[in-house]
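Have a look at the sequence and the fold below. What follows is a quick walk through charged pairs, a pocket and a cavity.

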Amino acid sequence: MSVPFKIVIPARHSSSRLPGKPLLDIAGKPMVLRVLDRAVQAGADEVWVATDHSGIAEVVEAAGGKVILTSADHPSGTDRLAEVATQLGWADDTLVVNVQGDEPLIPPQLIADAAAALAADPAAAIATACHPLESVDEFFNPNVVKVVMGADGRALYFSRAPIPWARDAFAADRSTLPAGLPAFRHIGLYAYRAGFLKRYSTLAASPLEQWEALEQLRAMAHGFPIQVMVLDHAPPAGVDTADDLERVRRVFDLT
């Protein structure tokens with residue numbers, strides 16, 4: 001049974017690696033509209049693009065999408081979502097899924113599943129996702145964020161370090177992952193309760209968040225539970241680099 005939820009797509013024009021990324025063409029459409037197409041298919045009550053750039057806003061409006069202008073000074077996407085929830089007057093129990101503006105291949109069902117995971121855990125403030133790690137290179141890669149969960153499916157910790165550490169197995173051999181090691185890669189898809197979003201900007205940054213450079217650790221440091229759904233495999237990757245853009249363009253050229 002589906003649950004009511006809303007989607008916000010943060011779309012910033014500035015990007016150190018790909019300036020103007022939301023407006024880059026993918027098979028005849030700007031990237032932000034490709035993401036919007038996927039989001040609309042997820043079955044949300046409302047889908048909004050949140051941007052600080054008038055050119056992005058004009059493109060979305062011309063395509064019939066809903067757009068909201070937000071401050072250019074937000075330190076994180078979570079802060080931008082908080083402004084949206086406040087501007088639109090969403091009730092504290094509203095479920096809001098953050099779909100990144102550089103995810104033109106995101107499966108619509110994954111978006112809906114994130115909302116459902118949060119709805120199924122009424123005490124959680126956030127829901128996110130992960131998938132099993134099979135590569136030892138990724139396990140030891142600090143750019144791959146790992147997560148460990150408790151029996152209730154909630155996150156115990158997120159880290160760029162290799163967690164959980166298989167003490168005895170790795171003492172003998174670090175060339176492969178030990179069989180059965182619960183190693184999971186975090187996927188940066190988030191569903192929030194609007195009440196938490198409104199509180200987020202008032203929370204002091206935690207030392208763990210600053211050391212790891214992982215903003216979800218701020219929520220955990222202040223006692224907000226994060227529910228984690230486990231996927232069978234990784235969803236298609238987003239667009240961070242020019243090579244990523246060409247990869248995505250090839251996918252659309254084949255469809």
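## Salt bridges

Asp 168 and Arg 167 pair up through their side chains in a salt bridge, at 2.9 Å from N to O. The term salt bridge here stands for a side-chain nitrogen of Lys or Arg within 4 Å of a carboxyl oxygen of Asp or Glu. Both Asp 168 and Arg 167 are exposed (over 50% relative accessible area, with buried under 20% and partly exposed in between, using a 1.4 Å probe and protein chains only). Keep in mind that this is a predicted model, where local features need pLDDT of at least 70, side-chain atom pairs count only at pLDDT 80 or more, and totals for chains, interfaces and linings use all residues. Residues are numbered from 1 along each chain as its sequence is written, and side-chain values use heavy atoms, with hydrogens and water left out.

The structure has 12 salt bridges. One of them joins Glu 138 and Arg 185, at 3.1 Å from N to O. That pair ties together distant parts of the chain, with Glu 138 in helix 5 (residues 136-139) and Arg 185 in strand 10, 47 residues apart. Helices (H or I, at least four residues) and strands (E, at least two) are DSSP runs, numbered from the N terminus. Glu 138 counts as partly exposed because its relative accessibility is 28%, and Arg 185 does so at 26%.

## A pair within helix 10

Arg 249 also forms a salt bridge, this time with Glu 246, and the closest N and O atoms are 2.7 Å apart. Why are Arg 249 and Glu 246 separated by about one helical turn? Because they sit 3 residues apart in helix 10. Arg 249 is partly exposed at 22% relative accessibility, and Glu 246 is partly exposed at 36%.

## The largest pocket

The largest pocket holds about 1700 Å³ of space. Of its 48 lining residues, the closest to the centre are Gln 100, Asp 102, Glu 103, Gly 188 and Asp 240. On a 1 Å grid over the protein atoms alone, a pocket is an open set of points with protein on both sides within 12 Å along at least five of seven lines, a cavity is a set where a 1.4 Å probe fits but cannot get out, and lining residues have an atom within 4 Å of a point. Asp 102 and Asp 240 also turn up, together with Lys 21, in a network of salt bridges.

Strand 1 (6-11), helix 3 (77-87), strand 10 (184-193) and helix 10 (242-253) each bring at least two residues to the pocket lining. Strand 10 gives the most, with 7 residues.

## The cavity

How many cavities of 30 Å³ or more does a search of the whole structure find? It finds 1. About 60 Å³ of space lies in the largest cavity, and its lining includes Thr 78, Tyr 190, Tyr 192 and Glu 215. Strand 10, helix 7 (194-200) and helix 9 (216-221) each supply at least two residues of that lining.

## Asp 121

Asp 121 lies in the loop between helix 4 (108-119) and strand 7 (126-132). At 10% relative accessibility, Asp 121 counts as buried. Leaving out residues up to four places away in sequence, Asp 121 touches Arg 154, Arg 193 and Gln 227 (contact means heavy atoms within 4.5 Å).

Notes. Grid points are joined across faces, edges and corners, and a volume is the space filled by probe spheres set on the points.
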